[in-house]
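Please look through the sequence and the three-dimensional structure shown here before reading on, and keep both in view as you follow the text.

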Amino acid sequence: PIIFNLRPKPQIIEVLSESMDGRAMKFKIRVKYRPNERKLAELYASLGKNYDLVFLKETIIKTFFSILKEYNQSTIIIRHRDDITEKLRTTVRWDFSNSGILLESLDFTYFWADLTREEEMNAFAARDEDRKMKKAIEEEQKMIFYQ
């Protein structure tokens, strides 16, 4: 008999990449997954017992690179980190489900970019401004809803 562990399993995948503008970036992506118990025979036939070693890392890295090519480094840091995470999560969930793997969660746990001190300060200021603006819009929508 072939035994599969059906409990969710976490894994951290390190990705070293370049943004659209050629700047070095390093990410750690935490993914939590498990095999789909309804598709175990299919999963075993197509990817084998070590499906996570064969398919998981390769799929996430390939998908991540294709998404990352759309952005330059400063926009990733300032505005698009959540967008990238959501695109990655959606695409990987689709790829996994077609292969018999269920994605429980996917998040960035670490992010590093090769920035000058001035770029870093500008990025933090812009991110803070974005958050303040989003919060103000949410507050305004709440006030409209409750009136």
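Predicted model: local features only at pLDDT ≥ 70, side-chain atom pairs only at ≥ 80, totals over all residues.

In soluble globular proteins, nonpolar side chains tend to be buried together. In this model the largest nonpolar core has 28 residues, and V31, I60, F64 and F96 are those with the most contacts inside it. Two or more residues of this core are given by each of β1 (9-18), β2 (24-35), α1 (40-47), α2 (51-68), α3 (73-99) and β3 (101-113), and the largest share, eight residues, comes from α2. The salt bridges come next, and by the rule used here their count comes to six. In one of them the side chains of R34 and E104 meet at 2.7 Å, N to O; because R34 lies in strand β2 and E104 in strand β3, the pair ties together parts that are 70 residues apart in sequence. R34 is partly exposed, with a relative accessible area of 21%, and E104, at 36%, also counts as partly exposed.

R89 takes part in a salt bridge with E86 (2.9 Å, N to O), and these two residues both lie in helix α3, three residues apart, which is about one turn of the helix. R89 counts as buried because its relative accessibility is 18%, under the 20% cut-off, whereas E86, at 39%, is partly exposed. The side chain of R89 also meets that of D107 in a salt bridge (2.8 Å, N to O), and this pair links distant parts of the chain, with R89 in helix α3 and D107 in strand β3, 18 residues apart. Finally, salt bridges that share partners join R34, E37 and E104 into one network.

Notes
Residues numbered from 1 in each chain as written. Heavy atoms only, no water. Core = buried A, V, L, I, M, F, W, Y, C linked by side-chain atoms within 4.5 Å. Buried < 20%, exposed > 50% of the residue type's maximum accessible area, 1.4 Å probe, protein only. Helix = DSSP H or I, 4+ residues; strand = E, 2+ residues; numbered from the N terminus. Salt bridge = Lys/Arg side-chain N within 4 Å of Asp/Glu carboxyl O.
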